[in-house]
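Hi everyone, thanks for coming. Please have a look at the structure on the screen, and then I'll walk you through one part of it.

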Amino acid sequence: MKYNFNQIFLENPNGTLTPRLTVQIGGAIFGPQVNFGPGVSFGGVNIFDFKGFPIEAEEENGILIIKGFYKL
């Protein structure tokens with residue numbers, strides 16, 4: 001299923017990102033208690049490289065598994 005970036009991640013006033021729900025990227029699982037900035041990679045993916053782009057993901061057992069990003 002295709003998601004808007006802002007449906008999954010919240011951009012904080014200090015420029016960091018926070019997932020709105022529990023997500024998985026590769027083997028990394030993290031949720032709303034995690035704030036991260038540019039240069040931080042999860043499962044080898046720097047999410048800031050894809051900020052604002054659509055995301056392909058599917059939900060399994062309450063975790064949104066991110067399959068990929070659509071870079072336009």
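I'll talk about a sheet, and then about a turn within it.

A word on the source: this is a predicted model, where local features need pLDDT of at least 70, side-chain atom pairs count only at pLDDT 80 or more, and totals for chains, interfaces and linings use all residues. Residues are numbered from 1 along each chain as its sequence is written, and side-chain values use heavy atoms, leaving out hydrogens and water.

So, in what order do the five strands of the open sheet lie? The order is E1-E8-E9-E4-E5, with mixed pairing. Strands here are DSSP runs (E, at least two residues), numbered from the N terminus, and two of them pair if DSSP finds at least two bridges between them. At the edges sit strand E1 (2-3) and strand E5 (28-30), each pairing on one side only.

E1 and E8 are antiparallel, with two bridges, and Lys-2 faces Glu-56 in E8.

Now the turn. E8 and E9 are antiparallel too, joined by six bridges, and Glu-60 has Ile-63 in E9 as its bridge partner. The two strands make a hairpin with two residues between them. One of the loop residues is Asn-61, between E8 (55-60) and E9 (63-69).

What is the phi of Asn-61? It is near 55°, a positive value in a residue other than glycine. Most residues other than glycine have a negative phi.

Terms used
Helix = DSSP H or I, 4+ residues; strand = E, 2+ residues; numbered from the N terminus.
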